[in-house]
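These notebook entries record what I looked up in one structure.

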Amino acid sequence: MTKDQFIAAIPEAAYLIASLLFIFGLKRLSSPRTARSGNLVAAVGMGLALGGTFLLPDMGNFGWIILAIVIGSIPGWLLAKRVKMTAMPQMVSLFNGMGGACALFISLDEWLKGSPHFTGLSDTRLAHTFPMLLGIVFGSISFTGSLVAFGKLQGLVSEKPLRWPGQKIINIVLAMGILAAAGGSGSAGPQVSPTTCIVVLAVLALLLGVLQVLPIGGADMPVVISVLNSCTGLAAAVTGFAMQNMSMIIAGTLVGAAGSLLTVLMCKAMNRSLAKVIFGSFGGGGQAQAATGSSDKTQREITAAEVAIMAGYARKVIIIPGYGLAVAQAQHLVHELEELLEKRGVEVKYAIHPVAGRMPGHMNVLLAEADVPYPKLLDMEEINPEFEQADVAIVIGANDVVNPAARTDPGSPIYGMPILNADKAKNIIVIKRGRGTGFAGIENGLFFGPKTRMLFGDAKKALQELNTEVKAL
Ligand code: NAP
């Protein structure tokens, strides 16, 4: 091998190693224990792929590329450093949108570079052109859809599902327009240039991204983000095909597949079809079923001192963290409670529902951040058989994920959703601020049950009081 051949082979080798690192990193992301290093491994892979790209023979404009990297990296690094756990979904959405924008602009650039030689759909360049068109469409939808999702979660756009007459018909017309523009780009006559068709295609797809996400309630955004995530992966993969870049194909496929799997898992854990999420049902306050039925019944209160006695002298306590715990940022206090109880000889475990909180893995990450040992975090399937032996189940800012109506009431919007069997514990303590409903907007019979006592208050404040009382036992 000559020196020139060796240098020419470096980018391909870098892409191959990078792809392996992406796969290895993704595998490590599947457990909280290894996720941090998995992220680092994948980041090293991305660095390698970038480095390899710099060595491609037809690379130029290094100054501009480095400037773009600096402009992108500084805000990215600052945002990632400062983001609160509760603001993670919108951050993921923003980053995902940037991925979509990249696929869009790379595909557009490829098109503009190649279009003068393009002579119609029968051209042998079809294999190159078709992925480019897909890259533009998926990249555009993902870009604007993710920005709207970000706006909704950040409170910049109304969280409520925005609806207008003829919504679905408008989206169908847009989709048909996209198909027509794609066809036109290959067979346009002298009146309409292929490039005009491509610009129309991109504009329509950008609009479709906005119009498809606006009608979805803010609370459903994590699922939407996950769908858009797979869309970005797909966009990157097809753009990789257009550019014949192996690393992009593999990375895009991994992202696309991971996003799709996550979407399926979330929908299953909420017992809702993807169509119901995308075309609206509960969530975001729009169509939520009113909290009815039990509103005239009474919820029995308890004081922090009484909870301390109950839990402090128990043999087994199961803690169920929910969205309210995340909002209150009470993860460190709950860990303190766990340690205080364990010092007294109480066995303490955490019950983690797959969709507790507002994004997948929310509770695991939050509690890991507070140094709760991983073996104490038990998945729903593992912990459910243990509730019957638990003396106390402490529900903190959770609601839907412990609502027995999911098991017993076929009329309930959450019927069929797998839940944590907190109601099977000998005693149930619920910490929440008042009679607010959860994400699904429905009443929870558990809060009115004979074994349940309510400790009203913000999760952080209530846990502070509870911990003080346990220390005083
Ligand atoms: P939830 O059903 O939304 O209930 C949260 C409860 O926390 C509310 O009833 C609220 O009652 C209480 N709360 C709010 N702020 C609080 C605070 N500062 N201190 C104490 N309590 C507070 O939450 P969840 O049980 O965790 O269920 C998650 C829901 O989100 C599920 O329906 C799930 O399907 C949905 N979801 C999850 C994901 C995901 O991936 N994780 C994605 C999309 C949707 P008060 O107002 O009375 O305090």
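**Entry: Leu79.** I looked up Leu79 and found its place in helix 3; helices (H or I, at least four residues) and strands (E, at least two) are DSSP runs, numbered from the N terminus. The model is predicted, so local features need pLDDT of at least 70 and side-chain atom pairs count only at pLDDT 80 or more, whereas totals for chains, interfaces and linings use all residues. Residues are numbered from 1 along each chain as its sequence is written, and side-chain values use heavy atoms, with hydrogens and water left out.

I noted that Leu79 counts as partly exposed, because its relative accessibility is 41%. Here buried means under 20% relative accessible area, exposed means over 50%, and partly exposed is in between (1.4 Å probe, protein chains only). Leaving aside neighbours within four places in sequence, I found Leu79 in contact with Met91, Leu94 and Phe95; contact means heavy atoms within 4.5 Å. How far apart are Leu79 and Met91 in sequence and in space? They are 12 residues apart in sequence and 8.0 Å apart in space, C-alpha to C-alpha.

**Entry: the protein as a whole.** I then turned to the totals. The secondary structure comes to 17 helices and six strands. Taken along the principal axes, the C-alpha atoms fill a box of roughly 80 × 60 × 35 Å. Of the 473 residues in the protein, 47% are buried. I also looked at contacts between residues at least 6 apart in sequence: 78% of these join residues at least 24 apart.

**Entry: nonpolar cores.** I searched for nonpolar cores, meaning sets of buried Ala, Val, Leu, Ile, Met, Phe, Trp, Tyr and Cys residues joined through side-chain atoms within 4.5 Å. The largest has 77 residues, and those with the most contacts inside it are Val317, Ile320, Phe387, Ile394, Ile396 and Leu463. A second, separate core has 22 residues, including Trp111, Met132, Ile136 and Ile198. I recalled that nonpolar side chains in soluble globular proteins tend to be buried together.

Leaving aside neighbours within four places in sequence, Val317 is in contact with Ala311, Leu341, Val346, Glu347, Val348, Lys349, Val392 and Ile394.

**Entry: helix 1 and helix 9.** I compared helix 1 (residues 3-28) with helix 9 (residues 246-270): their axes come within 8 Å and cross at roughly 10°. Axes are lines fitted to C-alpha atoms, for helices over the stretch in contact, and angles run from 0 to 180 degrees between N-to-C directions. Helix 1 and helix 9 are therefore roughly parallel to each other. Angles under 35 degrees count as roughly parallel, over 145 as roughly antiparallel, 65 to 115 as roughly perpendicular and the rest as oblique.

On the helix 1 side, the residues that make the contact include Tyr15, Phe22 and Leu26, and on the helix 9 side they include Met246, Ile250 and Leu254. By class, this contact has 10 nonpolar, two polar and one charged residues. Ala, Val, Leu, Ile, Met, Phe, Trp, Tyr, Cys and Pro count as nonpolar, Asp, Glu, Lys and Arg as charged, and the others, Gly among them, as polar.

**Entry: helix 13 and helix 14.** At what angle do the axes of helix 13 and helix 14 cross? I found that the axes of helix 13 (residues 331-343) and helix 14 (residues 362-369) come within 8 Å and cross at roughly 70°. The two helices are therefore roughly perpendicular to each other. Gln331, His332 and Val334 in helix 13 meet Leu366, Leu367 and Glu369 in helix 14. I sorted the residues of this contact into three nonpolar, two polar and one charged.

**Entry: two loop residues with positive phi.** I looked up Asn61, which has a positive phi of about 50° although it is not a glycine. Asn61 lies in the loop between helix 2 (32-54) and helix 3 (62-82), and counts as exposed at 58% relative accessibility. Asp371, also not a glycine, has a positive phi of about 65°. I placed Asp371 in the loop between helix 14 and strand 3 (377-379), and Asp371 is exposed, with a relative accessible area of 59%.

Entry: Is Asn171 buried or exposed? Asn171 is buried, with a relative accessible area of 11%, and lies in helix 6 (residues 167-187). Leaving aside neighbours within four places in sequence, Asn171 is in contact with Leu208, Leu211 and Gln212.

Asn399 lies in the loop between strand 4 (392-396) and helix 16 (405-408) and counts as buried at 9% relative accessibility. With neighbours within four places in sequence left aside, the contacts of Asn399 include Lys432, Thr437 and Phe447.
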